[in-house]
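Reader: Hello! Please walk me through this structure step by step, starting with the words I will need.

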Amino acid sequence: MLYEYALFLLTIFPMLSSTEYLEATLLPLIESIKPKATESFILEACGLGSRPSTQSVSITVGGRLEKFWNTVISDLDDSVSRNLIEDSDRVDVNGRTRQIDHFFTIPELMYASHMYLESKCNVNFDTEKIRASNEKIHQIAEVLGQKYNTDVQRGYFIPVKREIPVEISREYVALGVGVYGVSDLFRWVGEDNMPFTIDEYFDFFKTRLAPIITRLMDGVPANKPAHRVLHGSLDLL
């Protein structure tokens with residue numbers, strides 16, 4: 001009887017929702033980060049070579065957020081969006097193999113249904129880096145467009161910004177590349193289709209992730225992640 005009731009519940013609640021989804025998918029990714037010692041010669045010369053590398057923590061958190069958002073996109077219903085990097089997250093561009101951060105379809109967007117985004121937590125580059133990074137995005141988008149025989153929208157996705165400041169957006173749009181925040185992704189797929197709200201996402205950063213990241217910045221590993229039993233694609237995390 002209990003087994004049948006459990007199956008019944010799964011048919012009603014096939015996915016985790018709200019903060020439970022964040023607890024089950026995002027939290028373990030951040031908890032599993034291990035701080036590294038700095039590689040700064042300046043700090044080493046000062047006798048501070050054992051200090052933690054805050055840059056390493058930031059880079060690793062950025063990589064985990066990329067993985068998290070790909071999980072979110074994959075967990076959406078196919079009628080809402082399809083994560084195309086599940087087919088492959090690599091593409092050959094001018095004889096070089098490039099990694100694809102985010103590449104998905106959103107049928108509701110019609111003319112902009114195919115979207116390729118580079119995941120970045122910081123786009124305050126110098127001019128030369130901006131041009132090189134933008135050129136890489138354009139090249140990858142063109143190859144993907146040829147592969148799928150469609151126009152591919154392209155840009156940067158900033159998973160730690162709700163809205164993109166106008167001055168940043170204007171600078172990149174002038175160079176033919178968009179910069180998008182979390183609110184843009186919610187708008188594209190529809191807020192009702194997301195497994196959590198945008199407020200829950202950013203509150204989760206302040207209440208659950210901030211203490212862990214603070215410890216990592218101090219060189220203290222997070223507690224051993226709790227083992228969570230998940231269903232479907234979440235089991236692959």
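Author: Buried means under 20% relative accessible area, exposed means over 50%, and partly exposed lies in between (1.4 Å probe, protein chains only). Helices (H or I, at least four residues) and strands (E, at least two) are DSSP runs, numbered from the N terminus. This is a predicted model, where local features need pLDDT of at least 70, side-chain atom pairs count only at pLDDT 80 or more, and totals for chains, interfaces and linings use all residues. Residues are numbered from 1 along each chain as its sequence is written, and side-chain values use heavy atoms, with hydrogens and water left out.

Reader: Which residues of H7 are buried?

Author: H7 covers residues 182–189. Seven of its eight residues are buried, so H7 is largely enclosed by the rest of the structure. The buried ones are Val182, Ser183, Asp184, Leu185, Phe186, Trp188 and Val189.

Reader: What covers the buried residues of H7?

Author: Contact here means heavy atoms within 4.5 Å. The cover draws on both kinds of element, and it includes the strands S4 (102–105), S5 (114–119), S6 and S7 (178–180). Two helices are also included, H4 and H8.

Reader: How do H7 and H8 run relative to each other?

Author: Axes are lines fitted to C-alpha atoms, for helices over the stretch in contact, and angles run from 0 to 180 degrees between N-to-C directions. H7 and H8 (residues 198–217) pack at about 150°, with axes 10 Å apart. Angles under 35 degrees count as roughly parallel, over 145 as roughly antiparallel, 65 to 115 as roughly perpendicular and the rest as oblique. H7 and H8 are therefore roughly antiparallel.

Reader: How far apart are the axes of H4 and H8?

Author: H4 passes H8 in a right-handed crossing. The contact is made by Thr54, Val57, Ser58, Val61, Leu65, Phe68 and Trp69 of H4 and Tyr201, Phe205, Ile213, Leu216 and Met217 of H8. By class, it has ten nonpolar, two polar and no charged residues. H4 and H8 pack at about 145°, and their axes are 11 Å apart.

Reader: How are the planes of the rings of Trp69 and Phe157 set?

Author: Rings of Phe, Tyr and Trp (its six-membered ring) pair if their centres lie within 6.5 Å; planes under 30 degrees apart count as stacked, over 60 as edge-to-face and the rest as tilted. By this rule there are 16 aromatic pairs. The rings of Trp69 and Phe157 have centres 5.6 Å apart and planes at 80°, so the pair is edge-to-face.

Reader: How many residues apart in sequence are Trp69 and Tyr201?

Author: Both Trp69 and Phe157 are buried. The rings of Trp69 and Tyr201 have centres 5.2 Å apart and planes at 70°, so this pair is edge-to-face. Trp69 lies in H4 and Tyr201 in H8, so the pair ties together parts of the chain whose separation in sequence is 132 residues.

Reader: Is Lys161 exposed, partly exposed or buried?

Author: Lys161 sits in the loop between S6 and H6 (166–173). Leaving aside its neighbours within four places in sequence, Lys161 is in contact with Gly181, Val182 and Phe202. At 35% relative accessibility, Lys161 counts as partly exposed.

Reader: What is the phi of Asn94?

Author: Most residues other than glycine have a negative phi. Asn94 is in the loop between S2 (90–93) and S3 (96–99), and Asn94 is exposed, with a relative accessible area of 67%. Although Asn94 is not a glycine, its phi is positive, about 50°.

Methods:
A crossing is left-handed if the near helix is turned anticlockwise from the far one by less than a right angle, and right-handed if clockwise. Ala, Val, Leu, Ile, Met, Phe, Trp, Tyr, Cys and Pro count as nonpolar, Asp, Glu, Lys and Arg as charged, and the others, Gly among them, as polar.
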